[in-house]
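This report describes charged side-chain contacts in one protein model. Please view the sequence and the structure below before reading on.

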Amino acid sequence: MPLHGMGRQLTSNVCLVLCLCLCLCLWLRFRRLANIYFLLISILMMIGTYVPSLFASPLTPFSTLGPLVLVLAITMVKEALEDWKRHKSDHEVNTRRASVLRRSGRVEQVPWVDIHVGDLVKVENMCEVPADMVVVWSSSPDGQCYIETSNIDGETNLKIRDALPTVFRACERGWDQLADIRGTMTYEPPNASIHTFEGRLRWCPNHRCSFETAAVSARNVLLRGCTLRNTASVWGVVAYTGEETKVMKKAGGARSKLSQIEHLVNKCIRIIFLTQFTLCTISTVFLIFWDNAHDGELPYVMRQWLAS
């Protein structure tokens with residue numbers, strides 16, 4: 001499958017996507033209890049303003065609702081700009097070019113988004129690996145290559161990877177012999193373990209009738225995002241692409257995180273809300289008892305205030 005989904009095969013309804021994005025943004029914003037608190041206060045103020053028979057509100061609801069809407073709008077615009085920058089970054093990555101060897105023996109330059117499982121891809125020195133791939137040929141005489149995985153695990157020391165020995169020996173005259181090899185590779189389903197890989201390659205070298213079998217381990221795999229170092233070039237068979245690569249599986253989906261100060265604010269809002277709810281409940285109960293005991297009279301209120 002191609003990198004980051006099916007690309008041109010997808011169609012979208014713009015209005016539906018915008019509505020879903022708006023709902024998601026609002027849901028993320030209202031994870032902050034302060035926004036929920038001020039929204040509830042605004043609703044109560046609107047009831048007190050437009051339904052005065054229930055209770056009277058001393059302020060207009062827009063004194064609270066206006067600032068709330070303004071804060072939400074500014075935050076959503078800021079996040080939209082950040083998402084647009086991430087989209088541009090993803091587009092730049094997906095449109096990078098990689099060399100792919102076709103069955104005809106011709107090498108084509110294709111964007112990363114059009115790389116499929118089973119393609120033979122070339123990676124050159126100091127270049128980033130476009131997908132999880134099994135190394136079958138290396139420019140080094142011993143079939144080894146060196147990679148840097150700082151983009152994956154933060155380690156800057158170089159790691160050694162080996163080309164599959166049987167395939168590498170069969171192509172000792174050069175990488176162009178890879179176009180004559182036919183076979184199938186079975187391996188584990190996509191997972192988040194970046195240090196393990198189990199598989200088996202059943203292949204037929206140079207149009208022979210007999211098939212050979214080779215075991216594939218993590219030592220033969222280059223992960224998406226690592227960088228080839230101190231090696232002129234390698235060729236590999238793509239095993240995982242896009243969301244199925246080990247790095248993407250390990251990263252998981254985008255998560256919305258709350259900072260420690262936001263957790264503290266949420267806790268304070270809970271305390272404030274519970275305190276206000278308790279005081280309002282106690283005051284209401286005592287008011288009912290007072291009305292029953294004094295027949296609705298308010299001796300502590302001066303008559304001229306009642307007349308006005």
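## Terms and basis

Buried means under 20% relative accessible area, exposed means over 50%, and partly exposed lies in between, for a 1.4 Å probe and protein chains only. The model is predicted: local features need pLDDT of at least 70, side-chain atom pairs count only at pLDDT 80 or more, and totals for chains, interfaces and linings use all residues. Residues are numbered from 1 along each chain as its sequence is written, and side-chain values use heavy atoms, with hydrogens and water left out.

## Salt bridges

The structure contains 14 salt bridges, each defined as a side-chain nitrogen of Lys or Arg within 4 Å of a carboxyl oxygen of Asp or Glu. One of them joins Lys-159 to Asp-153, with 3.9 Å between the closest N and O atoms. Lys-159 is buried at 17% relative accessibility, whereas Asp-153 is partly exposed at 29%.

Another pairs Lys-246 with Glu-188, whose closest N and O atoms lie 3.1 Å apart. This pair links distant parts of the chain, 58 residues apart: Lys-246 belongs to helix α6 (residues 246-251), and Glu-188 to the loop between β7 (182-187) and β8 (198-204). Helices (H or I, at least four residues) and strands (E, at least two) are DSSP runs, numbered from the N terminus. Both Lys-246 and Glu-188 are buried.

## A network

Salt bridges also connect Arg-102, Arg-106, Glu-108 and Asp-119 in a network. Within it, the side chains of Arg-102 and Asp-119 meet at 3.9 Å, N to O. Arg-102 is partly exposed, at 26% relative accessibility, while Asp-119 is buried, at 14%.
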